[in-house]
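Here is a set of questions and answers for reading a protein model step by step. Please keep the sequence and the structure in view while working through them.

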Amino acid sequence: MSSAGEGLSRPLPEQVRLNVVDLAAQVLGSMPSALVPPPLRNIAKFDPRKRAKLGSAPIAAQLENDKEFREAVAEAVEKGWPELAASLAEGTVPPAADPVVVAAAAYLMRPPGWPDMVEAARADLEQVAAAAEGSAQEQTVTRLREQLAAQKAASKEEIERVREQLKAARAENADLRRKLHDARGRAKAADHRAAELDHEAHAALESKAAASGALEAEVRRLKERLADVERQLEASRRAAREGRSIEDARIRVLLDALQDASAGLRRELALPTTIHRPADSVVGASAEGGGVRVPARALADDDPQLLDQILALPQVHLIIDGYNVTKTGYGTLTLADQRARLMTALAGLVAQTRIEVTVVFDGAELNSHVAVNAPRGVRVIFSPPGQIADDMIRQLVRAEPAGRAVAVVSSDREVADSVRKMSARPVSSALLLRRLGRA
């Protein structure tokens, strides 16, 4: 509180001031908004735990200057501590009452002689503080004495330890002196040996110089021989290049003749410039046919190298049982997310291999058209009503001309057996998923 209350010669003790502000903050939160003093209306909106802390100074100032607000707080004190309020109104202080509470109630209620009650509480608090300080000093002295005794004991132990170290250092010094004497003897012997080695090294250098001269002469002779061999090799290469250029010219003439012949044959047969794939015409077709058997070096259907060999074949057509693959690899996703993830993975595979890919999904249960963002080079087919994806896959295999390599990706045993009879090679869904993971 910035100034003393009426009748006080000094400001309220800090403990009393905090108690008074806390009581006023509690009353402030329960007052009707119309009765809240204007300076404290914003503070009244604070959280009850923050009201006394953040609004301490404005609340204290309002208590000092606003009699009605102070009396409202005093009324709450009378209701909370009726016996204490009655005793203070009679001018007596209960002997067992807390001095802080007595001084706070007296300041708010202003009974006769309340300044004396506040001063008496101040004296009690100062006496308690002095007693606490004296006790703290005694405890400090006791602690310092204990620390001094412990320090003396530690010093004694340190002195004993240093003496032992000094004794050990003297013994170590004597040992080092003896070792130094031995080292000096060994150093003298080493110097003598070094002189002998220096003499031997000088003799070796002279021998090495003589050998080096002979070696340089041999190197020169070998370089001359190497130069002759290189000249002969260059002449052989020149002759080989001349012969190769004749063969290259002959091969180029043959290739040009084949190219001109194929172009003439294309014009003669009036073949279209763009290719219409057999699979593009499959809606309900059932043409007999089938592809050539796909060579795979007798590999098993689950061999990791099988799919790599198939993708390396020229003009291979890869037919994929869509939901069989997606439910094997990521069946926890929705069907739309499964299709999107498969299309994204196939985009990388087609970009690498440039093969023809057709993905068949079951569409019999769909009520409307489903949009699929298929990457370039990937054909997407939904089976029409009354048909399942397995039937569409068999139609796609039958639509291919004889002689074309066709592979069907499905882990359905019935599908695998049926397409194998039509000369297509079945591949498990796990192999395709593994290959897409590498892509």
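Q: Leaving aside its neighbours within four places in sequence, which residues is Val-16 in contact with?
A: The model is a predicted one, and contact here means heavy atoms within 4.5 Å. Once the neighbours within four places in sequence are set aside, the residues in contact with Val-16 are Val-100, Ala-103, Ala-104 and Leu-125.

Q: Why is helix 7 described as largely enclosed by the rest of the structure?
A: A residue is called buried when its relative accessible area is under 20%. Helix 7 is largely enclosed because the number of its 11 residues that are buried is 10.

Q: At what angle do helix 6 and helix 7 pack?
A: In general, two packed helices are described by the angle between their axes and the distance between the axes. Leu-84, Ala-85 and Leu-88 in helix 6 meet Val-101, Val-102, Ala-105, Ala-106 and Met-109 in helix 7, and by class this contact has eight nonpolar, no polar and no charged residues. The crossing of the two helices is right-handed. Their axes lie 11 Å apart, and the packing angle is about 65°.

Q: What is the order of the strands in the open sheet of five strands?
A: Strand 1 and strand 2 pair in the parallel sense over five bridges, and five bridges also join strand 2 to strand 3 (residues 378-382), again in parallel. With parallel pairing, the five strands of the open sheet have the order 3-2-1-4-5.

Q: Which strands stand at the edges of the sheet?
A: In the order 3-2-1-4-5, an edge strand has a single partner strand, so one side of it is left without a neighbour in the sheet. The strands at the edges are strand 3 and strand 5.

Q: Which residue in strand 2 is the bridge partner of Leu-318?
A: Six of the six residues of strand 2 (residues 356-361) are buried, so this strand is largely enclosed by the rest of the structure. Glu-356, Thr-358 and Val-360 point one way from strand 2, while Val-357, Val-359 and Phe-361 point the other way. The bridge partner of His-317 is Glu-356, and the bridge partner of Leu-318 is Val-357.

Q: Is Val-397 buried or exposed?
A: Val-397 is found in helix 12 (residues 389-399), and Val-397 and Ile-319 are 78 residues apart in sequence but 8.3 Å apart in space, C-alpha to C-alpha. Because the relative accessible area of Val-397 is 0%, this residue is buried.

Q: Which helices and strands do the buried residues of helix 14 pack against?
A: In helix 14 (residues 429-438), the buried residues are Ser-429, Leu-431, Leu-432, Leu-433, Arg-435 and Leu-436. These buried residues pack against helix 9 (304-311), strand 1 (317-321), helix 10 (322-330), helix 11 (335-353), strand 4 (406-409) and strand 5 (425-427).

Key
Residues are numbered from 1 along each chain as its sequence is written. This is a predicted model: local features need pLDDT of at least 70, side-chain atom pairs count only at pLDDT 80 or more; totals for chains, interfaces and linings use all residues. Side-chain values use heavy atoms; hydrogens and water are left out. Axes are lines fitted to C-alpha atoms, for helices over the stretch in contact, and angles run from 0 to 180 degrees between N-to-C directions. Helices (H or I, at least four residues) and strands (E, at least two) are DSSP runs, numbered from the N terminus. A crossing is left-handed if the near helix is turned anticlockwise from the far one by less than a right angle, and right-handed if clockwise. Ala, Val, Leu, Ile, Met, Phe, Trp, Tyr, Cys and Pro count as nonpolar, Asp, Glu, Lys and Arg as charged, and the others, Gly among them, as polar. Buried means under 20% relative accessible area, exposed over 50%, partly exposed in between (1.4 Å probe, protein chains only). Two strands pair if DSSP finds at least two bridges between them.
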